[in-house]
Amino acid sequence: NKETEMAFILLGQARKAEPSFVPAAVAFAKLAARRGDKAQALSALEAAWKAAPHPLLTETLRELSAEFT
């Protein structure tokens with residue numbers, strides 16, 4: 001829907017503006033996964049990890065990995 005697409009765009013902008021902002025990276029990755037874009041979801045988590053390692057990133061990666069298998 002339009003709201004989800006707008007959220008995806010805005011979260012992408014937030015990630016680019018502040019790569020270390022973990023909540024934006026996690027939300028973006030979850031939306032990318034919901035859209036079926038595994039590569040984009042993983043890329044978002046990896047980029048955030050490089051900027052600011054955080055346990056929530058690991059937890060989200062595990063969660064999404066289970067969905068993709």
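I started with the terms: helices (H or I, at least four residues) and strands (E, at least two) are DSSP runs, numbered from the N terminus. With that in hand, I counted 4 helices and 0 strands in the protein chain. Read from the N terminus, the elements run α-α-α-α.

I noted what I am looking at: this is a predicted model, where local features need pLDDT of at least 70, side-chain atom pairs count only at pLDDT 80 or more, and totals for chains, interfaces and linings use all residues. Residues are numbered from 1 along each chain as its sequence is written, and side-chain values use heavy atoms, with hydrogens and water left out.

**Whole chain**

I looked up the box next: the C-alpha atoms fill roughly 30 × 30 × 15 Å along the principal axes. I also checked burial (buried is under 20% relative accessible area, exposed over 50%, partly exposed in between, with a 1.4 Å probe and protein chains only). Of the 69 residues, 30% count as buried.

I then turned to contacts, meaning heavy atoms within 4.5 Å. Among contacts with a separation of 6 or more, 46% join residues 24 or more positions apart.

Where does Val-22 sit? I found Val-22 in helix α2, which covers residues 22–34. Val-22 counts as buried because its relative accessibility is 7%.

Which residues does Val-22 touch, leaving aside neighbours within four places in sequence? I listed Ala-52, His-54, Leu-56 and Leu-57.
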